[in-house]
Amino acid sequence: MVNCTFEEEVGIGNEGGLLFITVSVGPQRGGTERKLALEEKKGAASDLMRKRNSPPSLRIAFCGPPIHGNIRADWVLHWLVYHHYLWNGSAHFFFYNVGGLDDSHRRVLDPFLKGGYLTIIDALDEKLFPSWYYNQLLFINDCLHMTRYLSSWTFFYDLDEFLFVPPPRTLDQLLDEHKEKTFITFGSIPSVTSLCADPPVKASHWLVQQFLWMQKLPHCINDEDPWVCLRGPGARKYAVNPRKMIAAAVHGTSWPSEGGIDLNATIARTYHYHGVLSAEATLCQKKVNVSLPIDQLEKQFPEVQQYNTDPSISEAVDEAKDFSALLLKLL
């Protein structure tokens, strides 16, 4: 990231202008190139001040990761349905397409596109400027700045993660409790995607509802308490007050790094269904007959005893389907 500051105030004349930066492009292309980074239109500074002094128009913005490869479009639709419900229809979703969303995928997501809840940003030339993991850090920070005066809270996590707040507390209550914070981070509990309920508890159950088994402890790759394991070692994801945040990273904020709260995963967490987004992923290697009495089930499928049985997401998705029923009729 490049943060540009100036010794003297710029833009105060409200006339607009151009911002150029010099970027390294490698010796085969001459070493450096001068690039136009920003063209500010006349009056834009006044528009910015109006936004800064106005309340945000959205309660929630979600900034998605770069979408690439051959994805499961129906999984993304179901993810949207769940989070649309979680945020009471008050969120707008921003997805960055680096080649994973073609016309057929967009048709699946039509309810949210037509309903005005989803914006897809095509970044199909990102390969010309290669950076770590499809320029994920670039897109995180682009979205942070884009939502700075748009939303009260901006959330950052992946499309194979479902945010969950155990009742009786709701997510709205949680955000109101911490409304003065700069950021909130959430722990991550891995889901077991090799075991699936069979038959599904209901015939209409989506794939995510068939993943009933979770690891007993949150993800943590060091010796910390796994329930409060921080940043990368804890695979944490987060929400920020975008007006207070300058730069963000994958597993936490970059600048500022203080003023927030790292929640115990018993209070709020993401369930991580690692790998499910890829259409090539092998899932449900074992079908677990959930109609069996528990003693027979554990005898026939002893591996389930390693995990917690947790139907929380499955039950919430049923409620989400009802919440989004009219929207889904746009399919």
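Buried means under 20% relative accessible area, exposed means over 50%, and partly exposed lies in between, computed with a 1.4 Å probe on protein chains only. With that scale, Asp172 is partly exposed, with a relative accessible area of 26%.

Good morning. Two remarks on the source come before the details. This is a predicted model, in which local features need pLDDT of at least 70 and side-chain atom pairs count only at pLDDT 80 or more, while totals for chains, interfaces and linings use all residues. Residues are numbered from 1 along each chain as its sequence is written, and side-chain values use heavy atoms, with hydrogens and water left out.

I begin with the charged pairs. A salt bridge here is a side-chain nitrogen of Lys or Arg within 4 Å of a carboxyl oxygen of Asp or Glu. How many salt bridges does a search of the whole structure find? The search finds 13.

One of them joins Asp172 to Arg59, with the closest N and O atoms 3.3 Å apart. Arg59 lies in strand S3 (residues 58–67) and Asp172 in helix H6 (residues 171–177), so the pair ties together parts that are 113 residues apart in sequence. Helices (H or I, at least four residues) and strands (E, at least two) are DSSP runs, numbered from the N terminus. Arg59 counts as partly exposed, at 26% relative accessibility. Asp176 also belongs to this group: Arg59, Asp172 and Asp176 are linked in a network of salt bridges.

Next, Lys237 and Asp158 meet in a salt bridge of 3.2 Å, N to O. Asp158 sits in the loop between strand S6 (151–156) and strand S7 (161–164), and Lys237 in strand S11 (residues 237–240), 79 residues apart. Is Lys237 buried or exposed? At 3% relative accessibility, Lys237 counts as buried.

A further pair is Glu303 with Lys286, whose closest N and O atoms are 2.7 Å apart. Here Glu303 counts as buried at 16% relative accessibility, whereas Lys286 is partly exposed at 40%.

I turn now to the nonpolar interior. A nonpolar core is a set of buried Ala, Val, Leu, Ile, Met, Phe, Trp, Tyr and Cys residues joined through side-chain atoms within 4.5 Å. The largest such core has 55 residues, and those with the most contacts inside it are Trp87, Phe95, Phe155 and Tyr273. Helix H2 (residues 73–86) gives the most to this core, with 8 residues. Beyond its neighbours within four places in sequence, Trp87 is in contact (heavy atoms within 4.5 Å) with residues including Ile60, Phe62, Phe155 and Leu171. A second, separate core of 17 residues includes Val98, Ala123, Phe139 and Val240.
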